[in-house]
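Student: I would like to work through this model with you, one question at a time. Could we begin with the way its strands pair and then turn to its core and its rings?

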Amino acid sequence: ASSAPSAVVGTTEYPLPAGSEPEGITDGAGGTVWFTDALTSRISEMTSAGKISEYELPEGSDPDGITDITQGEEGNLWFTAVGISRIDKMTESGSLTEHQLPSGSEPEEIAAGPLGEVWYTDYGTSKVGLIFGSGIYEEGLPSGSHPWGITKGPGGNFWYTDEGTSKIGE
């Protein structure tokens with residue numbers, strides 16, 4: 001039997017403020033990680049020492065559940081806002097750009113592409129989409145689809161999980 005590499009044996013956990021519900025996480029610049037908090041609608045950055053910096057969203061843009069997050073081009077952070085059918089981009093300075101999706105959308109997970117675009121799964125309307133520049137492009141999936149996870153895979157293509165049809169799509 002083989003043993004696990006020593007780098008994966010043992011964990012360290014860092015406490016979060018009371019009432020937190022962390023969901024998505026992505027790597028950041030300079031050894032930090034960024035994560036979403038679905039209950040407080042905050043984006044937070046944590047250092048390797050456990051120091052947390054929280055970023056409140058501007059008043060009036062408080063989504064009902066920020067779920068996933070990814071770091072895109074130039075260090076911008078992109079995150080899904082399920083309850084208000086939106087994907088937002090936050091710059092390193094905290095400036096927010098909103099990308100409104102069609103009514104009924106429930107964007108779940110998000111992945112950064114090589115050309116500055118971001119790909120996302122839309123559980124609510126059974127689509128996979130991408131935001132490139134100021135445009136939003138979506139591809140409908142077969143009836144009964146409920147896409148969830150998404151990642152860049154082999155050959156630069158994007159792959160998604162479909163919990164509605166128990167399939168993986170490319």
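**Strand pairing, core and aromatic pairs**

Tutor: Strand 3 and strand 4 (residues 52-56) pair in the antiparallel sense over five bridges, where two strands pair if DSSP finds at least two bridges between them, and where strands (E, at least two residues) are DSSP runs numbered from the N terminus. This is a predicted model, in which local features need pLDDT of at least 70 and side-chain atom pairs count only at pLDDT 80 or more, while totals for chains, interfaces and linings use all residues. Residues are numbered from 1 along each chain as its sequence is written, and side-chain values use heavy atoms, with hydrogens and water left out.

Student: Which residue in the turn between strand 3 and strand 4 has a positive phi?

Tutor: M46 stands opposite I52 in strand 4. The two strands form a hairpin with five residues between them. The residue in that turn with a positive phi, of about 90°, is G50.

Student: In strand 3, which residue is the bridge partner of F35?

Tutor: Strand 2 (residues 33-37) pairs with strand 3 in the antiparallel sense, over five bridges. Four residues lie between the strands of this hairpin, where S41 takes a positive phi near 55°. Within strand 3, the bridge partner of F35 is S44.

Student: Why is strand 3 largely enclosed by the rest of the structure?

Tutor: Buried means under 20% relative accessible area, exposed means over 50%, and partly exposed is in between, with a 1.4 Å probe and protein chains only. Strand 3 spans residues 42-46 and is largely enclosed because, of its five residues, the number buried is four.

Student: How many residues does the largest nonpolar core have?

Tutor: A nonpolar core is a set of buried Ala, Val, Leu, Ile, Met, Phe, Trp, Tyr and Cys residues joined through side-chain atoms within 4.5 Å. The largest one comprises W34, I43, L57, I66, I69, L77, F79 and M90. At least two of its residues come from each of strand 5 (66-71) and strand 6 (77-81). The count for this largest core is eight.

Student: Is W34 buried or exposed?

Tutor: Contact means heavy atoms within 4.5 Å, and, not counting residues up to four places away in sequence, W34 touches residues including I43, Y55, I69, L77 and M90. With a relative accessible area of 9%, W34 is buried.

Student: What is the angle between the planes of W34 and Y55?

Tutor: Rings of Phe, Tyr and Trp (its six-membered ring) pair if their centres lie within 6.5 Å, with planes under 30 degrees apart counted as stacked, over 60 as edge-to-face and the rest as tilted. W34 lies in strand 2 and Y55 in strand 4, so the pair ties together parts that are 21 residues apart in sequence. Y55 counts as partly exposed, at 27% relative accessibility. The pair is tilted, with 5.4 Å centre to centre and an angle between the planes of 35°.

Student: Which kind of pair do the rings of Y123 and W148 form?

Tutor: Y123 is in the loop between strand 10 (118-122) and strand 11 (127-132), and W148 is in strand 13, 25 residues apart. Y123 is partly exposed at a relative accessible area of 21%, and W148 is partly exposed at 32%. Their centres are 5.3 Å apart and their planes are at 85°, so the pair is edge-to-face.
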